[in-house]
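Let's take a walk through this protein together, one region at a time. Have the sequence to hand and the structure open as you read.

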Amino acid sequence: MSLLRHHGDAEVGAGLVDFAVNVQGTGPPRWLSERLSRSLNSLGSYPSADADLRARDAVARRHGRAPEEVLLLSGGAEGFAMLPRLEPRLAALIHPSFTEPELALRQAGIPVEHVVSPPPFRLDPTAVPEGADMVIVGNPTNPTSMLHERHSILGLRRPGRIVVVDEAFADAVPGEAESVASDSLDDVLVLRSLTKTWALAGLRCGYALGHPDVLAELTVGRAHWPLGSLQIEAIEACSEPDAVALAEARASVIAAEREDMTRRLTALGIDVHGPARAPFLLLSVPDAEGVRQRLREHGVAVRRCDTFPGLAPGHLRVAVRPSAQVDVLVDAFTKSLPKNSPPQHALSKGER
């Protein structure tokens, strides 16, 4: 159970270049910081129902849905903590994937079953037990960086079943390809995070999209004023058209950086799992734990992957970063890979 609660932030330490956490940047862009700063004077008042509605309306317009189909969350992870309130009899978890949903369900005493997708980690809806009345899948999936086709996601639907789609990284995919966030379906619940693209991990911002009756079940027993004023303001701001356009532009940059990073790591003899579509890469390396420790000695933090159910030993996850930071990663890998597996030369700046 403790391994299910292990996340990339536990890998980061003082003086380390961070490839372990999938957040873009160290803080929100200036325009967003300034907007939040202007809201500080309102902190003497309780968060209002009007502010909540404005934010839900912004999210609803972004996805072509009704405000009643939007639930604001204190980070996408809060949505996973709410899932036991839907009282599933058997939850099927598509693994390897993000582990917070499983932890929440197990802590609530709900039976879970792993549905492991072997490499190349493609989703097979027929592998899910018919008796599962909840299925949880990430798209794109953490840590495999696999983007499942929309028809495969919708192929999980069955009478009496709720399909939960973790789209925490969907806004980092150009065009938000394969997303089901704009589909108003009674039996599909989508969880979104705003902490990754907008570097708001410390503020905890996200939302759920689903049928109003499902959202009402999720909130049973929820505390009053569950989100603070700054969280609500950030969700509204990041859902407005200008912000969505900026996120789309950033997604294209991430795609180019990911391609460059993949070529450079492959040139070191590292197996990079593909096709990768998320802002992170899954690597296969010999002696992964030893390599991870040596990388730390050379000033680089990466994510261990032995905590992901269904993932074979020998994997590390690295966040996609700009070229200058990748220079540091390549140098550290060159010094850290096992000597009996000589790497090829890394691409120089002139070759990228």
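Start with glutamate 11, which, setting aside neighbours within four places in sequence, is in contact with His6, Leu16, Ala20, Arg292, Arg296, Ala301, Val302, Arg303 and Arg304 (contact means heavy atoms within 4.5 Å). Before going further, note that this is a predicted model, where local features need pLDDT of at least 70 and side-chain atom pairs count only at pLDDT 80 or more, while totals for chains, interfaces and linings use all residues. Residues are numbered from 1 along each chain as its sequence is written, and side-chain values use heavy atoms, leaving out hydrogens and water.

Glutamate 11 lies in the segment before β1 (17-18); helices (H or I, at least four residues) and strands (E, at least two) are DSSP runs, numbered from the N terminus. Is this glutamate buried or exposed? Glutamate 11 is buried, with a relative accessible area of 2% (buried is under 20%, exposed over 50%, partly exposed in between, using a 1.4 Å probe and protein chains only). Its side chain makes a polar contact with the side chain of arginine 292, at 2.6 Å. A polar contact here is a pair of N or O atoms within 3.5 Å; within protein, one must be able to donate a hydrogen and the other to accept it, and residues adjacent in sequence count only if both atoms are side-chain atoms.

Now turn to the sheet. Seven strands form an open, mixed sheet in the order β2-β8-β7-β6-β5-β3-β4, where two strands pair if DSSP finds at least two bridges between them. At the edges stand β2 (70-73) and β4 (112-116), each with a single partner strand, so one side of each has no neighbour in the sheet.

Further in, look at β6 (residues 162-166). Five of its five residues are buried, so β6 is largely enclosed by the rest of the structure. In a regular strand the side chains alternate between the two faces of the sheet. In β6, Ile162, Val164 and Asp166 are on one side and Val163 and Val165 on the other, and both faces are covered. β6 pairs with β5 in the parallel sense over five bridges, and valine 135 stands opposite valine 163. Four bridges join β6 to β7, also in parallel; there, aspartate 166 has leucine 191 of β7 as its bridge partner. Moving along from β5, three bridges join β5 (residues 134-138) to β3 (residues 91-95), which run parallel, with methionine 134 as the bridge partner of alanine 91.
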